[in-house]
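Hi,

Here is the structure I promised to pass on to you. Have a look at it first, and then read on below for what turned up.

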Amino acid sequence: MRLSGGRWTWKLSRAMRLVLRRCRAWRRGHKQGWGGGGGAGELCSYAKLLLRSLYYNSLTNSDTLLDCAFEPVYWIVDNVTRWFGVAFVSLVVLLISSVVIIVYTCVLPVILSTYPAPWIVWHLFCGHWLLVMVVFHYYKATTTHPGRPPKDKSDVPAVSICKKCIVPKPARTHHCSICNTCILKMDHHCPWLNNCVGHLNHRYFYSFCLYMMLACIYCSVSSRHMFTEAYNAIEVSPSPPPSLRVVPSPPSFTFRETTAHKAIVFLWVLTSSVAVALGALTLWHSILISRGETSVERHINRKEIRRLRELGKVFRNPYHHGPLTNWKIMFSVEKPSDWVTRVLLPSSHPPIGDGITWDCVYTRKDPMAI
Ligand SMILES: [Zn+2]
Ligand SMILES: [Zn+2]
């Protein structure tokens, strides 16, 4: 036994001595339980008991052990996501800028010179409206803080305490390990925004996804004929080696024309791919909004539905007010004209409510069962 070499070592050796002493006393009283398995068996039993004595916790279960085992993985993922957030935002800005530059330099001149006047007006109006909506909502989604519970108030209506922030957690609030803080009505942490999506920026996030998807569909559909021509031009333009050259030789393009062809192919492939990916994401979030759920609550509610079904009960989401009302709450629509001014136009109005207290449908009943 080491009695020197630091307080921790001394405390540990003392704890081990105590445990061994208790083991011996317990063994004297329960000799038949140990079965006289010899020195190795006894040592193994002592070691097991010692370990259990040091690490035993009445709240420990297999989930806690699994969480502990994966803790280093979570730490790496959190830090990588935090660090890559800046790179992801830069990538989004770069890709949006590249699409805008290609549209202005390669697509718009063709539209202006070849399309009839009504189509020119339509493309100018639709293209610029979508551009403004995408840029506005992306800027607001990345720069607006999602909202955190107040730390200086003691009368916050809370449903639990965050064990990491040590602050009361209001309903629908969850801790984000990447932002390292609690977020009001947390939906998820978005690396493409380098920000959490929560109570104060949920509308900006959803509007960005929606308008970005619409803008990609618009670009993809509008440039489809130009894409076919550019793709065919690229297919015939590379000069084969002299030994394989056939007559007649393919039409030659200038460097400017070749660059424009490649740019249009890039534009179409990028916008079509993003339209499909964002279409699936927007559809998923539309379903969640119609149900009055966030992404985090979807996981929690799914488990709760299964648990209550086994008990013969039905789960009811207390934040579901009906699909139309859920959408009105999402966009803060209070009168019919708000659908235009607050949904179809850029608007920085705040969301309904403070994100701390929530109007529940089943406040007077047990929300978990009928
Ligand atoms: Zn927290
Ligand atoms: Zn976060």
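What follows is a short tour of a few helices and of what a database record says about the chain.

Please keep in mind that this is a predicted model.

Let me start with the record. The unreviewed UniProt entry lists residues 83-112, 119-139, 204-221 and 263-284 under "transmembrane region". In the model, residues 83-112 are 100% helix and 0% strand, with 43 Å between the end C-alpha atoms. Residues 204-221 are also 100% helix and 0% strand, and here the end C-alpha atoms lie 25 Å apart.

Next, a pair of helices. Helix α6 covers residues 202-222 and helix α8 covers residues 255-291; their axes come within 8 Å and cross at roughly 145°. The crossing of α6 past α8 is left-handed. On the α6 side, the residues in contact include Y206, M213 and C216, while α8 contributes W268, L278 and H285, among others. What classes of residue make up the contact of α6 with α8? There are 15 nonpolar and six polar residues, and no charged ones.

Finally, helix α9 is worth a look. This helix runs over residues 295-310, and its 16 residues reach 24 Å from the first C-alpha to the last, close to the 22 Å expected at 1.5 Å a residue. Is α9 well covered or hardly covered? Hardly: one of its 16 residues counts as buried. Just after α9 comes G312, which has a positive phi of about 80°.

Enjoy exploring!

Best wishes

Key: Residues are numbered from 1 along each chain as its sequence is written. Chains are lettered from A and ligands numbered from 1 in the order in which they are written. This is a predicted model: local features need pLDDT of at least 70, side-chain atom pairs count only at pLDDT 80 or more; totals for chains, interfaces and linings use all residues. Axes are lines fitted to C-alpha atoms, for helices over the stretch in contact, and angles run from 0 to 180 degrees between N-to-C directions. Helices (H or I, at least four residues) and strands (E, at least two) are DSSP runs, numbered from the N terminus. A crossing is left-handed if the near helix is turned anticlockwise from the far one by less than a right angle, and right-handed if clockwise. Two residues are in contact if their C-beta atoms, placed from the backbone, lie within 7 Å. Ala, Val, Leu, Ile, Met, Phe, Trp, Tyr, Cys and Pro count as nonpolar, Asp, Glu, Lys and Arg as charged, and the others, Gly among them, as polar. UniProt positions are given in the numbering used here, feature names are shortened, and annotations may be inferred rather than shown by experiment. The expected span of a helix is 1.5 Å times one less than its number of residues. A residue is buried if 20 or more other C-beta atoms lie within 10 Å of its own, exposed if 12 or fewer, and partly exposed in between; C-beta atoms are placed from the backbone.
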